Amino acid sequence: SNAEINDKEFGKVRVGIVQDITEQRTRELEISESAALRQAITDAALDAIVITDDDGVIIEFNPNAEKLFGYSRQEAVGRPIAETIIPDRHRGAHNAGMKRYLEHGTPRVIGKRVEIEAIKKDGAEFPVELTVLPIRDGGRLLFTANIRDITDRREAEDQLKAAKEQAEAAN
């Protein structure tokens, strides 16, 4: 909106009202602060943390994810999670589950602790414990996956099972 002001020295002067951008700047600061906070939290986490957007594209890959999967953060960010750490045989189920959740909000894996196989950059498969949680970041829906290698635990369970079977066979 324009307003006319009469001024003795300048005559008629057109004054344009400048839109207040304080709110926008505040929002930008909040976004960068929340991103910095998210970065600090994910970097300090003991588990591998992989954050994806609602298209399943990796947007965060913490240092423990780098160690666990063998990808650098730079290599992983921007890649579809399904093609990066999910074995071929599980990709269909992953994609179907994401689609179902986005369309109907019905979680089968989301919010639960699940044991499943994952795949490293070199193609090696290994068992993981996985928890996926949805997070709203402003208008975006993100998914945070906490991933823990359970190879040692699986091996111990297998040894215990074998020992139990041997003991039962001996009886």
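I start with a pair: Arg-148 forms a salt bridge with Asp-47, with 2.9 Å between the closest N and O atoms. By salt bridge I mean a side-chain nitrogen of Lys or Arg within 4 Å of a carboxyl oxygen of Asp or Glu. This pair links distant parts of the chain, as Arg-148 is in strand β7 and Asp-47 in the loop between α1 (22-44) and β3 (48-52), 101 residues apart. Arg-148 is partly exposed at 42% relative accessible area, whereas Asp-47 counts as buried at 15%. Buried is under 20% relative accessible area, exposed is over 50%, and partly exposed is in between, with a 1.4 Å probe and protein chains only.

Some housekeeping. This is a predicted model, where local features need pLDDT of at least 70 and side-chain atom pairs count only at pLDDT 80 or more, while totals for chains, interfaces and linings use all residues. Residues are numbered from 1 along each chain as its sequence is written, and side-chain values use heavy atoms, leaving out hydrogens and water.

The chain has 6 helices and 7 strands. Those are DSSP runs numbered from the N terminus, helices being H or I with at least four residues and strands E with at least two.

How many salt bridges does the structure hold? There are 12. Another one joins Glu-129 and Arg-113, at 4.0 Å from N to O. Here Glu-129 sits in strand β6 (residues 125-137) and Arg-113 in strand β5 (residues 113-119), 16 residues apart. Glu-129 is buried, at 9% relative accessible area, and Arg-113 is exposed, at 66%. Both belong to a network of salt bridges that also includes Glu-115, Arg-153, Arg-154 and Glu-157.

In helix α5, Lys-99 and Glu-103 lie 4 residues apart, about one turn of the helix, and their side chains meet in a salt bridge of 3.5 Å, N to O. His-90 is also in helix α5 (residues 88-104). His-90 is buried at 18% relative accessible area. Leaving aside residues up to four places away in sequence, His-90 touches Ile-116 and Glu-117, a contact being heavy atoms within 4.5 Å.

Last, the surface. Which residues form the negative patch? They are Asp-149, Asp-152, Glu-155 and Asp-158. Patch residues have over 30% relative accessible area and no salt bridge, and like charges are joined within 9 Å. Helix α6 (residues 151-170) gives the most, with 3 residues. Asp-149 is in strand β7 (residues 140-149) and is partly exposed at 35%.

Notes. Patches are made of residues with over 30% relative accessible area and no salt bridge: like charges are joined within 9 Å, nonpolar side chains (Val, Leu, Ile, Met, Phe, Trp, Tyr) within 5 Å. Accessible areas come from the Shrake-Rupley method with a 1.4 Å probe; for residues, only the protein chains shown count as cover. Lys and Arg count as positive and Asp and Glu as negative; His and the chain ends are not counted. The place of a charge is taken as NZ of Lys, CZ of Arg, CG of Asp or CD of Glu.
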